[in-house]
Amino acid sequence: MAEVPGRMSPTAVDAGPADVTKPIECHICHNVTAIAYCTVCKIHLCTRCVHTHNKVPVTKSHKLLTGSAMPLFTDSSVLDTAFDQPEHCPDHQKEEIKFFCTKHTNLCCVACTVVQHQSCNIEYIPDVSKEFASSEEYMKLVERIQDIERLVAQCQADIHRCKDTVDTMSKDEIGIFLSFKAEIIAFLNMREAQLLTEIQRRRDEDDSILQKLITQSESMKITTEKIKRKLHALESNPERLFMWTKRFQDQVAGLQTAVKEIQKKTGYRKYEVQKDVTVEAVLNSATGVATVEDIPGIEL
């Protein structure tokens, strides 16, 4: 870009010379904060424009000012005339582009036409470009750009739709899993209550039987002690000892039978909790409870 009279940045114009708190905007992008000032082009540039500025052959040698060295204002004519400046040849930077080679579809300067395109069909751009804005080539390019814009808009809409679907699907699937988890917990709680009730029932039944045996054995013990004391007291009176011995014969026989019955009944039922093999297999599985699987045929 050739050196042209400067202009004040849009921000500086709106804010006035005294207002230096607002960031200086890039003259190319607008609404983007500038980080540098080109002393040749006399415009402010943002990060992206600085990168481009340093790559384009015609501007990469321009001196850029940054930080506190960057001026706050530029002349008023730069933005209005930036696109009116001559286009310089990338191979011959001092020469303006004025020609077009139809054979190689290259933009050329005078030096290019002499050195590289002597035998080519060369068109003089100022002559062939007068009605170019209404040409079929330009119209087709505009249509292609519009088609790209339409496709980009469609792609963006599809992307946002897919993103919404992804968000919704993840929430739905998480909800399904948490609901399934709640079902599993409810089932385990139910089975826990059933198993604990069954264990308690068995304990109560066995305890009741054993408690009855304890009562019976205590009663037999008391009866046996009474008989024993009675007989011991009568050992000095043979006649009465004889009679009471005869009387106690049947009672002692009954006690013997009762003791044997208690011996038979003394014991308990052995039981244990058996783990469900299906549930145990789930617990030992790396994919227990549930997995996340792709559905064939559905793509982003």
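Visitor: What relative accessibility does E198 have?
Guide: This is a predicted model, so local features need pLDDT of at least 70, side-chain atom pairs count only at pLDDT 80 or more, and totals for chains, interfaces and linings use all residues. Residues are numbered from 1 along each chain as its sequence is written, and side-chain values use heavy atoms, with hydrogens and water left out. Buried means under 20% relative accessible area, exposed means over 50%, and partly exposed is in between (1.4 Å probe, protein chains only). E198 counts as partly exposed because its relative accessibility is 28%.

Visitor: Which residue forms a salt bridge with E198?
Guide: A salt bridge here is a side-chain nitrogen of Lys or Arg within 4 Å of a carboxyl oxygen of Asp or Glu. For E198, the closest N and O atoms of the pair are 2.7 Å apart. The partner is R201.

Visitor: What is the sequence separation between R269 and E205?
Guide: R269 and E205 form a salt bridge, their closest N and O atoms being 2.8 Å apart. This pair links distant parts of the chain: R269 is in the loop between α7 (238-265) and α8 (277-283), while E205 is in helix α6, and the separation is 64 residues.

Visitor: Which residues are joined with R269 and E205 into one network?
Guide: R269 counts as partly exposed because its relative accessibility is 37%, and E205 is partly exposed too, at 32%. Salt bridges that share partners tie R269 and E205 into one network with E198, R201, R202 and D206.

Visitor: How far apart are the closest N and O atoms of D147 and R150?
Guide: Both residues lie in helix α6, three residues apart, or about one turn of the helix. D147 is partly exposed because its relative accessibility is 32%, and R150 is partly exposed at 47%. They form a salt bridge, with the closest N and O atoms at 2.6 Å.

Visitor: What angle lies between the ring planes of F132 and Y138?
Guide: Rings of Phe, Tyr and Trp (its six-membered ring) pair if their centres lie within 6.5 Å; planes under 30 degrees apart count as stacked, over 60 as edge-to-face and the rest as tilted. The structure holds three aromatic pairs. F132 and Y138 form a tilted one, 6.2 Å centre to centre, with an angle between the planes of 55°.

Visitor: Why does the pair of W244 and F248 count as tilted?
Guide: These two lie in helix α7, four residues apart, about one turn of the helix. F248 counts as buried because its relative accessibility is 10%. The ring centres are 5.4 Å apart, and the pair is tilted because the planes meet at 35°.

Visitor: Which residue lies over the face of W244?
Guide: A charge sits over a ring if NZ of Lys or CZ of Arg is within 6 Å of the ring centre and within 35 degrees of the ring normal. Over Y271 you'll find R202, 5.4 Å from the ring centre. Over W244, at 4.6 Å from the ring centre, lies K230.

Visitor: How many helices and strands does the protein chain have?
Guide: Helices (H or I, at least four residues) and strands (E, at least two) are DSSP runs, numbered from the N terminus. Starting at that end, the order is α-β-β-α-β-α-β-β-α-β-α-α-α-α. That comes to eight helices and six strands.
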